Amino acid sequence: MTNLVALPRIRRGTELLRAEEHARWELSTLKGKLSELSAQSAAGVSIALKLIAEAQRAQEPTAWVGSTARLFYPPDAAAWGLDWEALPIINLAEPRQAARAADKLLRSGAFGLVIVDLPPRSFLPAPLMGRLLRLAETHASALLFLSHKSPHEDSLSSLIALRAQARWIRLDPRELQAELTILKDKCRGPGHRLVEDFDGPLGLR
């Protein structure tokens with residue numbers, strides 16, 4: 001009789017439970033895939049900066065590609081321990097240019113994390129997204145898109161493996177709390193929520 005558990009794509013229930021236990025918004029979870037972090041506030045940027053700090057502590061080179069007029073507040077990001085000299089910041093006017101810059105960064109094989117901050121209503125063609133996915137898989141890199149949209153709007157692409165919606169749930173001047181709702185997870189399924197703690201802006205402490 002065939003052992004169903006031994007067949008490819010069939011996993012034991014205990015293995016699935018173990019994977020769920022390890023489901024966290026961290027660099028190891030995002031590696032080798034395309035991810036999208038959506039928000040209608042600065043919560044998404046704050047979570048992305050925290051991810052950069054985690055990557056730098058792990059000696060993973062990171063890069064920030066922005067195609068928006070805004071940029072994070074540097075003193076606060078510095079307070080989280082970011083090494084500015086080790087963080088290339090590339091500012092481009094158009095989403096496709098930003099994605100092509102991410103292509104070059106990933107193709108070098110030198111970056112463990114690349115973040116692309118997109119303006120509202122951005123569109124990236126499927127062939128370009130497919131190329132980015134192959135590069136992320138080949139070099140075990142994490143490519144995270146920041147998008148400005150509500151949870152009811154469509155994901156950037158069907159190739160996005162993990163999508164979360166970020167929002168502030170507590171806005172105390174000295175202690176902020178952000179909630180991440182997983183809207184799409186090709187490995188574990190959507191629906192779970194994570195809470196991240198942050199220090200408040202320097203000017204309000």
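These questions and answers cover a helix pair and a pocket in a predicted model.

The model is predicted, with local features needing pLDDT of at least 70, side-chain atom pairs counting only at pLDDT 80 or more, and totals for chains, interfaces and linings using all residues. Residues are numbered from 1 along each chain as its sequence is written, and side-chain values use heavy atoms, leaving out hydrogens and water.

User: How are helix α5 and helix α6 oriented to each other, roughly parallel or roughly antiparallel?
Analyst: Helices are DSSP runs (H or I, at least four residues), numbered from the N terminus. The axes of α5 (residues 95-107) and α6 (residues 126-139) come within 9 Å and cross at roughly 25 degrees; axes are lines fitted to C-alpha atoms over the stretch in contact, with angles from 0 to 180 degrees between N-to-C directions. Angles under 35 degrees count as roughly parallel. Therefore α5 and α6 are roughly parallel.

User: Which element gives the most residues to the lining of the second largest pocket?
Analyst: A pocket is an open set of points on a 1 Å grid over the protein atoms alone, with protein on both sides within 12 Å along at least five of seven lines, and lining residues have an atom within 4 Å of a point. Among the lining residues are Ile47, Lys50, Leu51, Glu54 and Arg57. The elements giving two or more residues are α3 (43-57) and β8 (193-199), the latter being a strand (E, at least two residues). With 5 residues, the largest contribution is that of α3.

Terms used:
Parallel < 35°, antiparallel > 145°, perpendicular 65-115°, else oblique. 1 Å grid on protein atoms, 1.4 Å probe; cavity = no way out; pocket = protein on both sides within 12 Å on 5 of 7 lines; lining within 4 Å.
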